[in-house]
Amino acid sequence: MNAPPAPSPFAIRLYRSLWTANLVSSMGFMIQSVGASWLMTMLSPSPRMVALVQTSTTLPITLLALFAGAVADNLDRRRVMITAQSFMLAMSFFLAITAWLGMLNPALLLCFTFMIGCGTAMHNPAWQASIGDIVPKPVLPAAVAYNSIAFNVARSAGPAIGGTIVAAAGAAIAFMINCISYIGLIAVLVRWKPERSGHQLPPERIGSAIASGLRYVAMSPNLLRVAFRGVLFGASTSAVMALMPVVARDLLQGGAVTYGLLLCGFGIGAVGGALISARSRRRFSIDLVLAMASISIAIGATIVALSSHIALTMPALALCGGGWILGMSNLNVTVQLATPRWVVARAISLYQMSAFGGMAMGSWMFGTLAARHSIPEALFVCAALQVAIVLIGLVIRLPRVDDLNMDLSQQWSEPETEVPVEARSGPVAITIHYQIDDEDIPVFLAEMSEWRRLRRRDGARRWTLYRDLADPRIWIERYQVPTWLDYMRHNTRRTHEDAERFRRIHALHRGEGRPPVQRMIVVDPRSGGQLVDREQDIPASPIDEHH
């Protein structure tokens with residue numbers, strides 16, 4: 001039985017305002033993109049240089065993904081977005097002035113588009129992570145899809161407008177219009193006053209936050225599969241977008257307006273893909289949705305390669321656009337639903353690093369292939385790779401995450417200690433004692449194998465499981481964390497899904513009450529028993545207390 005449709009995210013006023021402002025900003029970005037890509041065709045005849053315009057925009061997302069995700073998870077996301085948007089406005093302004101003065105060359109154009117890409121890289125994780133804070137979980141897939149609609153409405157109208165502006169007034173005016181488009185989004189973000197969460201632990205340092213995000217994704221099989229599929233999908237799909245300017249120029253013998261119309265066709269298809277994204281997710285498995293997306297792109301790319309008429313090329317690009325947004329939006333939603341809020345920006349950034357890294361690599365690869373052979377051959381290779389992705393999807397399947405509850409359980413509170421302990425003191429060693437009947441040992445070991453992964457994913461080190469040689473019913477779980485603050489973070493990161501496994505393990509315990517817990521801290525015997533400060537190396541004394 002199909003799930004009932006979720007309420008519209010447009011019922012939420014803040015989402016409406018941000019969606020509208022993002023639509024305007026995306027329109028400006030597309031106008032600038034048309035100006036930059038078409039200007040490059042005039043500055044350099046090489047398809048490789050034209051394709052590098054897209055590479056220069058997407059490469060920063062790969063380079064800055066980890067840093068941007070850590071910043072978004074540990075700082076005020078609204079301020080991060082305001083800073084990123086202001087930076088992009090400044091870079092776009094300098095690009096417009098340089099173009100107006102006639103000082104641009106291919107290298108300088110790529111430099112400016114790279115810097116604007118850096119602003120996008122810092123903005124995207126904070127914005128994507130904020131969606132889950134603005135709308136409730138049932139509305140999240142629709143909200144992500146509508147965000148894609150905003151961008152692709154801009155992709156539909158922006159290129160045609162941009163092509164007209166470039167043809168009539170030049171690229172510098174297109175760049176200046178983009179500068180103006182940032183102002184509305186910055187104004188909405190400045191007026192937004194987000195509610196402060198009850199989170200009381202201090203933020204992680206950026207280096208530690210990056211390590212935590214890497215560890216979380218590396219030890220989450222669901223997210224690894226999404227990232228892998230994102231690389232494949234992004235790399236093979238990039239051919240259509242990267243080669244579109246030279247398709248307009250060489251295959252269709254057109255100009256800036258033709259290029260704008262092609263982007264318009266791609267954008268119209270993307271809007272259609274976004275409109276059916278949430279519905280298709282409810283009706284079909286994620287693997288089937290991605291297979292439909294890849295088949296659409298394969299068919300569209302093949303038609304584009306064979307066509308010499310814009311009336312045929314535009315519908316083919318609409319197929320590509322629909323497949324592109326159907327795949328990318330569903331991968332994005334899968335990441336968000338499979339990740340708890342404390343690390344969601346880092347998970348999104350790592351996914352984007354894989355997807356857009358694949359796009360940057362694919363843009364270069366297909367641009368080189370088109371330069372050495374031909375544009376149709378590059379598009380045929382794109383179509384073949386999409387078919388290969390469908391076959392790979394039969395083996396490496398994506399998880400069904402819509403029913404997962406990744407909200408924090410918030411059932412843990414900091415225990416009292418007989419010996420005073422500071423947040424920076426450590427390392428801390430924790431042992432939990434279980435009594436397990438012989439007939440329950442196979443189930444216990446299976447649960448503990450998965451529990452080991454969850455412990456390590458959330459920051460535990462040196463996790464081990466012991467069995468008492470004198471009493472075979474006694475099993476001891478032991479792990480370490482660097483500091484008492486890390487111990488608090490480790491326990492407050494437990495989600496409802498984790499808590500359910502925790503309850504299953506405790507249900508196997510045959511002792512009285514809950515399994516007893518010991519918490520101990522490292523001491524230096526030469527220090528007189530003082531606790532060790534991990535930052536200042538001030539020694540210190542042990543805690544050995546039971547839960």
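Let's start with the fold: the protein chain has 17 helices and five strands. Keep in mind that this is a predicted model.

Overall dimensions next. The C-alpha trace spans about 85 × 50 × 45 Å along its principal axes. The radius of gyration is 26 Å. A compact globule with 547 residues would come out near 24 Å, so the chain agrees with that expectation. Of the 547 residues, 56% count as buried. Now the contacts with a separation of 6 or more: 82% of them join residues 24 or more positions apart. The accessible surface comes to about 23200 Å², and carbon and sulfur atoms hold 62% of it.

Now the sheet. Look at strand β1, residues 428-435. How many of its eight residues are buried? Six, so the strand is largely enclosed by the rest of the structure. β1 pairs with β3, residues 474-481, through eight bridges, and the two run antiparallel. There, T431 sits opposite R478. β1 also pairs with β4, residues 517-521, through five bridges, again antiparallel. In that pairing, I432 has V517 as its bridge partner.

On to charges. The whole structure contains 20 salt bridges. Take D133 and R77, whose side chains meet at 2.6 Å, N to O. D133 is in helix α4 and R77 in helix α3, so this pair ties together parts 56 residues apart in sequence. Which of the two is buried? R77 is, because its relative accessibility is 13%. D133, at 48%, counts as partly exposed.

A second pair: R457 and D498, at 2.8 Å, N to O. R457 lies in helix α15, residues 441-457, and D498 in helix α17, residues 496-507, so parts 41 residues apart are tied together. R457 is buried at 4% relative accessibility. D498 is buried too, at 5%.

Last, the surface. F93, F94, I97, W100, L101 and M103 form a nonpolar patch. Together they have about 660 Å² of accessible area. Find L101 in the loop between α3 (77-100) and α4 (106-134). Is L101 buried or exposed? Exposed, because its relative accessibility is 54% and the cut-off for exposed is over 50%.

Definitions and conventions: Residues are numbered from 1 along each chain as its sequence is written. This is a predicted model: local features need pLDDT of at least 70, side-chain atom pairs count only at pLDDT 80 or more; totals for chains, interfaces and linings use all residues. Side-chain values use heavy atoms; hydrogens and water are left out. Patches are made of residues with over 30% relative accessible area and no salt bridge: like charges are joined within 9 Å, nonpolar side chains (Val, Leu, Ile, Met, Phe, Trp, Tyr) within 5 Å. Accessible areas come from the Shrake-Rupley method with a 1.4 Å probe; for residues, only the protein chains shown count as cover. A salt bridge is a side-chain nitrogen of Lys or Arg within 4 Å of a carboxyl oxygen of Asp or Glu. Helices (H or I, at least four residues) and strands (E, at least two) are DSSP runs, numbered from the N terminus. Buried means under 20% relative accessible area, exposed over 50%, partly exposed in between (1.4 Å probe, protein chains only). Two strands pair if DSSP finds at least two bridges between them. The radius of gyration is taken over C-alpha atoms; the globule rule is 2.2 Å times the number of residues to the power 0.38. Contact means heavy atoms within 4.5 Å.
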